[in-house]
Amino acid sequence: MEQRIGSSSQPLEGAGFDPAFIPGLTSPVSERAKDEPEKEPRVAEAETAEEATSEQEETEQASPSEPEKDAPADGPVFEASDRRARLVADHRGVRMALDDQECEFRWDEIGAVETETARFGKRYTVTVHTPDRRWYPIEIEAPARSHFKEWDEQLDAVLDAYFEENAE
């Protein structure tokens, strides 16, 4: 009679053990695939990536950047940023960026815009609320607390010019 030494259960695979596993999109990496050495396709991928960027640069140089079609000549713009965060509100909507993450809301996608200042410190928080009851806050570190009043006035001017116009 032959007996196996060790456990007879197979190791678990999936999102709990492999953070890169996405059900339905990727299959778990099998032990065989982990043991195989990488081959040279990466060199070919790098060459095609370099070719694609050079072609993109050529097309950008051939056609100079044109101004936006719907850019108003004299519209208010609100911009605030610090070392990590950036907020821009203009005729196109509200754009927020934090580190390498960015999001953009058109005026028809916005239900409300809320501002808040920290009681202590220099954090200015702008929260964009959408009609489907979601909210997206961003905190910007102001150089001084005196900027809060100026930023509120600039943001109010942008909201009065564009947000009320689309709410009708």
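Reading from the N terminus, the elements of the protein follow the order α-α-β-β-β-β-β-β-β-α. That comes to 3 helices and 7 strands. Keep in mind that what you are looking at is a predicted model. Of its 168 residues, 20% count as buried. The protein exposes about 13600 Å², and carbon and sulfur atoms supply 48% of that. If you take the contacts between residues at least 6 apart in sequence, 36% of them join residues at least 24 apart.

If you want a spot to look at, find Phe 78, which stands opposite Ala 89 in strand 2.

Strand 6 (residues 123-129) and strand 7 run antiparallel and are joined by 7 bridges. Across that pairing, Val 128 stands opposite Tyr 136 in strand 7.

### Rings that meet

Now for the aromatics. A search of the whole structure turns up 6 aromatic pairs. One of them is Phe 105 with Tyr 136, a tilted pair at 5.0 Å centre to centre with 45° between the planes. Phe 105 sits in strand 4 (residues 101-105) and Tyr 136 in strand 7 (residues 135-141), so this pair links distant parts of the chain, 31 residues apart. Phe 105 has a relative accessibility of 7% and counts as buried, whereas Tyr 136 is partly exposed at 31%.

Another pair brings together Trp 107 and Tyr 162. Their ring centres are 6.2 Å apart and the planes meet at 25°, so the pair is stacked; the cut-off for that label is under 30 degrees. Trp 107 lies in the loop between strand 4 and strand 5 (112-117), while Tyr 162 belongs to helix 3 (residues 147-167), so the pair ties together parts that are 55 residues apart in sequence. Trp 107 is buried, with a relative accessible area of 4%, and Tyr 162 is buried as well, at 10%.

Ring pairs also link Phe 78, Tyr 124, Phe 148 and Trp 151 into a cluster.

### Two aspartates

Asp 90 lies in strand 2, and its side chain reaches the backbone nitrogen of Arg 92 at 3.1 Å. There is also a polar contact of 2.9 Å between the side chains of Asp 90 and Arg 95. Leaving aside neighbours within four places in sequence, Asp 90 is in contact with Pro 76, Val 77, Arg 95, Trp 107, Val 158 and Tyr 162.

Asp 100 is found in the loop between strand 3 (93-98) and strand 4. At 64% relative accessibility, Asp 100 counts as exposed. Its side chain makes a polar contact of 3.2 Å with the side chain of Gln 101. Arg 84 is 16 residues away from Asp 100 in sequence, and their C-alpha atoms are 8.9 Å apart in space.

Here are the accessibility values in one place:

| Residue | Relative accessibility | State |
|---|---|---|
| Asp 100 | 64% | exposed |
| Phe 105 | 7% | buried |
| Trp 107 | 4% | buried |
| Tyr 136 | 31% | partly exposed |
| Tyr 162 | 10% | buried |

Notes. Residues are numbered from 1 along each chain as its sequence is written. This is a predicted model: local features need pLDDT of at least 70, side-chain atom pairs count only at pLDDT 80 or more; totals for chains, interfaces and linings use all residues. Side-chain values use heavy atoms; hydrogens and water are left out. Rings of Phe, Tyr and Trp (its six-membered ring) pair if their centres lie within 6.5 Å; planes under 30 degrees apart count as stacked, over 60 as edge-to-face and the rest as tilted. Helices (H or I, at least four residues) and strands (E, at least two) are DSSP runs, numbered from the N terminus. Buried means under 20% relative accessible area, exposed over 50%, partly exposed in between (1.4 Å probe, protein chains only). Contact means heavy atoms within 4.5 Å. Accessible areas come from the Shrake-Rupley method with a 1.4 Å probe; for residues, only the protein chains shown count as cover. A polar contact is a pair of N or O atoms within 3.5 Å; within protein, one must be able to donate a hydrogen and the other to accept it, and residues adjacent in sequence count only if both atoms are side-chain atoms. Two strands pair if DSSP finds at least two bridges between them.
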